[in-house]
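Welcome to this tour. Open the model in your viewer, keep the selection panel handy, and follow along stop by stop.

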Amino acid sequence: MLNEQTDEQLLALALDGNEEAFTALYRRRQGPVYRFALRMSGSPQVAEEVTQDVFVFLLQRGRGFDPERGAVGAYLFGVARNYVRRAMEKSHSEAAMTSPAENEEEFLVTDSDPVEGIARSQTSKAVWKAVLSLPEHYREAVVLCDLQELSYADAAAALGCAIGTIRSRLHRAHEMLVRKLQNSAPSLAGFSGDAARCLS
Amino acid sequence: MTCREFVETAESLTPLQLRTMQTGDEAMSVHVRECAGCGRWLESQRLLGGALQVLRTHTEREAGPHVEQAVLRAFRAQGFEPLASAEPDRAAPAAWRLSRFFEFGAYAAVAAALIVGVFLGARMWRDSHSSSSHMQAQVTGIPLQADPHASNPGHANEGSGIASPDSARKSANPEMAKVAPVGFRRSQSAIRQVRPANIDRQGFVALMFCDPLMCSGDEQVIRMELPGSASSSAEGGSSQPVIADVVVGEDGMVRAMRIVN
C-alpha cells in the first residue's frame, strides 16, 4: 500500500507522525543518498553520518519542502550535498577525499574470475581517485549524472543551477577525468593515447 | 558528417551511453573510421564510461541497519509537535533558501499592507463616526458647531473667511433669499455624503457638481425663507413662503439645499 505512494505523499504522511510512511520513504531513498555521500566523500563513515543527518533534517524541516520546486529525491541530494560539504570542512579530511576507502576490499564485488576482479578493483580505485580529485562542482556533476544516473534536470534542481551549467560542468569534468586517468593510470587500456578531439 | 557534427552528436550522450551505444548511428561510425582524432576521442569517452561503470558497481551500497535504527529513534523522539520555526536551515539547498527569503519578503509586504489598511480603516471609521454625530445633532436641531459669527455676517466674512449669508444671497437668487440665519457649519465629510448620491439622508439635494478641490473647505448651512412662487409647489398657486436650508461653500456658491417647510 505505502509502496505505491509517491515520495511527496509519504513525506506528508511521515510528517503527520506515520512511522510506517517514514520508514518506507527512508528505505526508498537512503540508498541513493548514501551512495551520493560515499562517492562525494570517499568515506563510508561520512556517508553514514550524512545519511542519518539528511533524514533527521527531513523530520525537523521537512515542512519547508515545496513540491513545486523539485522532487523529494532532488531535495534530499541538495541537503546531502550541504552535509557532505560541512562534514568535509569539519574533519578536514582532504586525505579521505584523495584516498578512497582504505579497506578497499569491502567495496569489491566478488568476481568469479580473480584476475578480472583485481583488474576491476584497480580500475575502480584509479577512477575513484580521479573523481575525488576533481573540483567540487565538477565532482558533483559527475556523481549525480554519471554515477547516480540522474537526469540533467534533476541534477540541476539538486545543485540549484541551470541545466546548461550541469552540461558544461559535466563536459569539462569528463575532459579532466580523461587527462587524469592518462597521467595516473596509463596502464588502463586506452588511456595512454592522445584523446584530443579533432575539430576540423 | 563533419567533425563538429560528430562532436555535437556525441556530446549529447554521457560516457555510459557512448559505451553502450552499438554504433547504431551509421554516419557516426563512418566518420570515426575516416577521422582518427574523433575515433580516439570516442574511444577515450567509451573507456571513461566503462571505468565509471566499474566505479558505480563497486560503490553500489546502502547505509547499514544501525543508521535506520538511529533515524527511527529520531523519528520517535520527534513527537511531532509544532516545529519551532520555519527558518531555513543551513543544510537546505541554496535554491530553497533563496526562495524562502523571497517568500518571507512577500509575507512581510502583506503584513505591512494589512497594518496600513487597518490604520486607514480606523481613521475612516472615526471620520464617519464624527460626521454621523454631526448629522444626528443637525436632525435634532442642535447645532454642534454653531458659528458665533453667524448672526454677524460681516464679521464672519472678515474673520473666518467663511461665506456670509450675504454672499449666499448673491449666488442664490437675491430676491428669493430674504432671511438667513440659522448659521452652523457642516463638516466636510458631512457634505461629502450629500454629493455622491445627489440626495443625502438629511434631505439635502446637491445643486451642482463641483471640483473636489474647489469644494474643499468648510461649508455653512443657512436657513432661508424663499418666496412661494420660487418653489415647484408654488405652481399650484400657493403663495406661502418656503423655508429651506442652503449649504453655501467658502466661495459663496450654493452646494445643496433642502426644503424644511
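Select chain A and look at its contacts (heavy atoms within 4.5 Å): among those between residues at least 6 apart in sequence, 60% join residues at least 24 apart. What you see is a predicted model, in which local features need pLDDT of at least 70 and side-chain atom pairs count only at pLDDT 80 or more, while totals for chains, interfaces and linings use all residues. Residues are numbered from 1 along each chain as its sequence is written, chains are lettered from A and ligands numbered from 1 in the order in which they are written, and side-chain values use heavy atoms, with hydrogens and water left out.

**Chain A as a whole**

Switch to a cartoon view. Chain A has nine helices and zero strands; helices (H or I, at least four residues) and strands (E, at least two) are DSSP runs, numbered from the N terminus. Of its 200 residues, 51% count as buried. Here buried means under 20% relative accessible area, exposed over 50%, and partly exposed in between, with a 1.4 Å probe and protein chains only. The accessible surface of chain A is about 9,000 Å², and 50% of it belongs to carbon and sulfur atoms; such areas come from the Shrake-Rupley method with a 1.4 Å probe, and for residues only the protein chains shown count as cover.

**Two crossing helices**

Now select residues 136–147 of chain A, helix H7(A), together with residues 163–184, helix H9(A). Their axes come within 8 Å and cross at roughly 100°. Axes are lines fitted to C-alpha atoms, for helices over the stretch in contact, and angles run from 0 to 180 degrees between N-to-C directions. H7(A) and H9(A) are therefore roughly perpendicular to each other, a label for angles of 65 to 115 degrees. Show side chains to see the contact: H7(A) contributes residues including His137(A), Tyr138(A) and Cys145(A), and H9(A) contributes residues including Ile166(A), Arg169(A) and Leu177(A).

Next, move to the loop between H7(A) and helix H8(A) (152–159) and pick Glu149(A). Most residues other than glycine have a negative phi. Glu149(A) is partly exposed, with a relative accessible area of 47%.

**A glycine in a helix**

Select Gly73(A), which lies in helix H4(A), residues 72–91. Is Gly73(A) buried or exposed? Gly73(A) is buried, with a relative accessible area of 10%. Leaving out residues up to four places away in sequence, Gly73(A) touches Asp7(A) and Arg29(A).

**The nonpolar cores**

A nonpolar core is a set of buried Ala, Val, Leu, Ile, Met, Phe, Trp, Tyr and Cys residues joined through side-chain atoms within 4.5 Å. The largest one here has 71 residues, and Val54(A) and Phe55(A) have the most contacts inside it. Center on Phe55(A): not counting residues up to four places away in sequence, the residues touched by Phe55(A) include Phe22(A), Tyr26(A), Leu76(A) and, from chain B, Val71(B). A second, separate core of 10 residues includes Leu18(B), Cys35(B), Trp41(B) and Leu42(B).

**Chain B and its strands**

Color chain B by secondary structure to find nine helices and five strands. Of its 261 residues, 37% count as buried. Chain B exposes about 14,900 Å², with carbon and sulfur atoms supplying 57% of it.

Zoom in on strand E4(B), residues 242–248, where six of the seven residues are buried. Strands pair if DSSP finds at least two bridges between them. E4(B) pairs with E3(B), residues 219–226, in the antiparallel sense over seven bridges, and Glu225(B) stands opposite Ile243(B). E4(B) also pairs with E5(B), residues 254–259, again antiparallel, over five bridges. Look for Val248(B) opposite Val254(B), and for Asp245(B), whose bridge partner in E5(B) is Arg258(B).

E4(B) and E5(B) form a hairpin with five residues between them, and Gly252(B) in the turn has a positive phi of about 90°. For a last stop, select E2(B), residues 205–206, which runs antiparallel to E5(B) and is joined to it by two bridges; there, Ala206(B) stands opposite Ala256(B).

Key. Parallel < 35°, antiparallel > 145°, perpendicular 65-115°, else oblique.
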